[in-house]
Structure formats: structure tokens, C-alpha cells
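Biologist: Please take me closely through the aromatic pairs of this model, and follow them to wherever they lead in the fold.

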Amino acid sequence: PGQSGVPSSGLGSLGRHWQDAGYMIVYVTGRPDMQKHRVVAWLAQHNFPHGAVSFCDGLTHDPLRQKAAFLQSLRTEAELSIVAGYGSPKDVWVYSSLGLAPSHIYIVGRAVKKLSNQCQFLSEGYVAHLAQLEAAALAQSPKGPPRPVLGKGTYGCPAPVDFLRKQSQLLRSRGSSQAERDGGPVPAAPRLPR
């Protein structure tokens, strides 16, 4: 199981699929910020693509509300569109509160009847879902938008949006880029589609 009890098998490849399609990956966890090194190490160990990582500020009694507030601030302050959300049944409320359509909320595991109209259950797992996404992408277009590149070895967000740079919840943890280590100029962050 993954960090929140969600199996990790296939998640890294799924993340790379979205990243290759030109989307920014944002990992939002209900874990407190004091666990950032453990979470980032887990992401790296399971070969997840680089992306922004958001944690709860300290211990909280309502991590789902904090997740929703963070994602809402991405939409309003950073003017980013959220196109898909993945997680466990408890995350359905978070994504629904943002107005994400049930067809774009993906939950792995056994279907829960009371949530059946609010999300897509991936009962066959992330690997089967990835195969469906890849087949649909091939049918639509052989070429997608250019892939944004994050510095190697970083789980942070060098996005051009001031809002993301200011957030204490985001972690740029896995070391500096090669240019930073060599003392050279840091390349400008790519512009991401909104």
C-alpha cells in the first residue's frame, strides 16, 4: 500500500503519463509537514515523476479540508486548472468540493455504492487505467504539448507562479539542480498550460 493505504503499483507510470502529456503533477497529502522527508523518499523509491508536494501544516484534525483549501488556492490564486484527481474514497469529497466532474475523479479499489455517482472506481487498478488513457491518447493525437521539465532530483515546483513559490506547504527537497551545484545560473522554469 501507498502512503494513504492506496496501492502504489502503477501510480508512478500514471504520473509520468500525465507529465508527458504536459500537465504539472501535484502531490497533496494529509500527512503533516514533519514527515516531508519520509514522503519524498517514498515517492522517489517508487519512481514517481517529480512534482510539487503539499503537506498539512503540523498536526490537524481535518486534513481533507486542508487538502481542499490548498487545491482551491491553486485554482484561484495560481489560476491553475485541475483536470484529474486520484486517491482513495475519502478523497472524493475533496475533488467534488472543487467542482471536478465525477468522470475525472479516479479512486482505486473496491467500489463503494454511495460514491458510485461521484467518481470513477478503478477496480482493476492503476495499470489498467493507464492502458485505457494511453489507448485514448493514441486514438486522439500522435503528438501532445511539450513536456515541462523539472530539475533532476527535485520534488518541488519551479513553476513560474509566485503563489507556488510562496507556499510553505511545497517542498523543494531532493537537492539542488546541477546548475545550482555548479554555481551557474538556474534555468528559468517552463511556462505550463493553464
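**Aromatic pairs and the sheet**

Modeller: W18 counts as buried because its relative accessibility is 16%, where buried means under 20% relative accessible area, exposed over 50% and partly exposed in between, with a 1.4 Å probe and protein chains only. Y23, at a relative accessible area of 36%, is partly exposed. Please keep in mind that this is a predicted model, in which local features need pLDDT of at least 70 and side-chain atom pairs count only at pLDDT 80 or more, while totals for chains, interfaces and linings use all residues. Residues are numbered from 1 along each chain as its sequence is written, and side-chain values use heavy atoms, leaving out hydrogens and water.

The structure holds 5 aromatic pairs, meaning rings of Phe, Tyr and Trp (its six-membered ring) with centres within 6.5 Å; planes under 30 degrees apart count as stacked, over 60 as edge-to-face and the rest as tilted. W18 and Y23 form an edge-to-face pair, with 5.3 Å centre to centre and 75° between the planes. The pair of Y86 and Y106 is stacked, because the ring centres are 4.9 Å apart and the planes stand at 20°. Y86 lies in strand β3 (residues 85–87) and Y106 in strand β4 (residues 105–108), 20 residues apart, so that this pair links distant parts of the chain; strands here are DSSP runs of E, at least two residues long, numbered from the N terminus. Both Y86 and Y106 are buried.

These strands belong to an open sheet of 3 strands in the order β3-β4-β5, with parallel pairing, where two strands pair if DSSP finds at least two bridges between them. The edge strands, β3 and β5 (120–122), each pair on one side only.

Note on methods: Helices (H or I, at least four residues) and strands (E, at least two) are DSSP runs, numbered from the N terminus.
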